Amino acid sequence: MKKIITRTDQETAKDKWIEKEKGRFVLELFYNPSTKEHVRMERWDPDVVVRGAIAEGGEEILAWEGGFKEDEGDYTSAGMHWGRNPASSAGKSFQRVAGASGCQLLIKEGHLPADTSSNKQ
């Protein structure tokens, strides 16, 4: 059985943020290698550009402080923002740009079921 990685509140409080690329810091919270479910917090400095692709199993993003812009919209206005990209979006590339005050995000990937409906377009 593969180990499921989680963090306790005490470990999270130790501030184990890792700079993945200039201005983008990540705190890993949970990863299950069997299901590919991945949960992390991210901090982006102001105006940082993050490029990537939507993970297999889709993603959900909660911006609880600050915000970002991407092709699908501008999420930099006051208040929290939540978005979901379904599993059918897997592999779609994105470019996200942090707002002028940066942002803090909770990102969960790989947990959304594939669309099995017969109404796919």
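In which sense do β4 and β9 pair, and over how many bridges? The legends below take up this pairing and several other views.

**Figure 1. Overview of the predicted model.** The model is predicted, so that local features need pLDDT of at least 70 and side-chain atom pairs count only at pLDDT 80 or more, whereas totals for chains, interfaces and linings use all residues. Residues are numbered from 1 along each chain as its sequence is written, and side-chain values use heavy atoms, with hydrogens and water left out. The protein has one helix and nine strands, in the order β-α-β-β-β-β-β-β-β-β from the N terminus; these elements are DSSP runs numbered from the N terminus, helices being H or I of at least four residues and strands E of at least two. Of the 121 residues, 37% are buried, where buried means under 20% relative accessible area, exposed over 50% and partly exposed in between, with a 1.4 Å probe and protein chains only. Among contacts (heavy atoms within 4.5 Å) between residues at least 6 apart in sequence, 69% join residues at least 24 apart.

**Figure 2. Strand β9 and its pairing partners.** β4 and β9 pair in the antiparallel sense over seven bridges, pairing being assigned if DSSP finds at least two bridges between two strands. Within this view, Val-39 has Lys-108 of β9 as its bridge partner. The pairing of β5 with β9 is antiparallel over five bridges, and here Val-50 stands opposite Arg-96. β6 and β9 also pair in the antiparallel sense, over nine bridges, and Leu-62 stands opposite Leu-106 in β9.

**Figure 3. The largest nonpolar core.** Twelve residues make up the largest nonpolar core, among them Trp-44, Val-48, Ile-61, Phe-68, Phe-94 and Cys-103; such a core is a set of buried Ala, Val, Leu, Ile, Met, Phe, Trp, Tyr and Cys residues joined through side-chain atoms within 4.5 Å. Two or more residues each come from β6 and β9, and the largest share, five residues, comes from β9. A second, separate core of six residues includes Trp-17, Leu-27, Val-39 and Met-41. In soluble globular proteins, nonpolar side chains tend to be buried together.

Figure 4. Phe-94 lies in strand β9 (residues 93-109) and counts as buried because its relative accessibility is 16%. Leaving aside neighbours within four places in sequence, Phe-94 is in contact with Val-50, Arg-51, Gly-52, Ala-53 and Ile-54. Phe-94 and Asp-71 are 23 residues apart in sequence and 7.6 Å apart in space, C-alpha to C-alpha. Cys-103, again not counting residues up to four places away in sequence, touches residues including Glu-42, Trp-44, Glu-65 and Ala-98.

**Figure 5. A nonpolar surface patch.** Trp-64, Met-80 and Leu-106 form a nonpolar patch on the surface, with about 280 Å² of accessible area together. Trp-64 belongs to strand β6 (residues 59-70) and is partly exposed, because its relative accessible area is 31%.

**Figure 6. Two loop residues with positive phi.** Lys-36, in the loop between β3 (24-32) and β4 (37-44), has a phi near 70°, a positive value in a residue other than glycine. Asp-47, placed in the loop between β4 and β5 (49-53), has a phi near 65°, likewise positive, and is exposed, with a relative accessible area of 53%. Most residues other than glycine have a negative phi.

Terms used
Patch = residues over 30% accessible without salt bridge, like charges linked within 9 Å, V, L, I, M, F, W, Y side chains within 5 Å. Areas by Shrake-Rupley, 256 points an atom, 1.4 Å probe, with all protein chains shown as cover. Salt bridge = Lys/Arg side-chain N within 4 Å of Asp/Glu carboxyl O.
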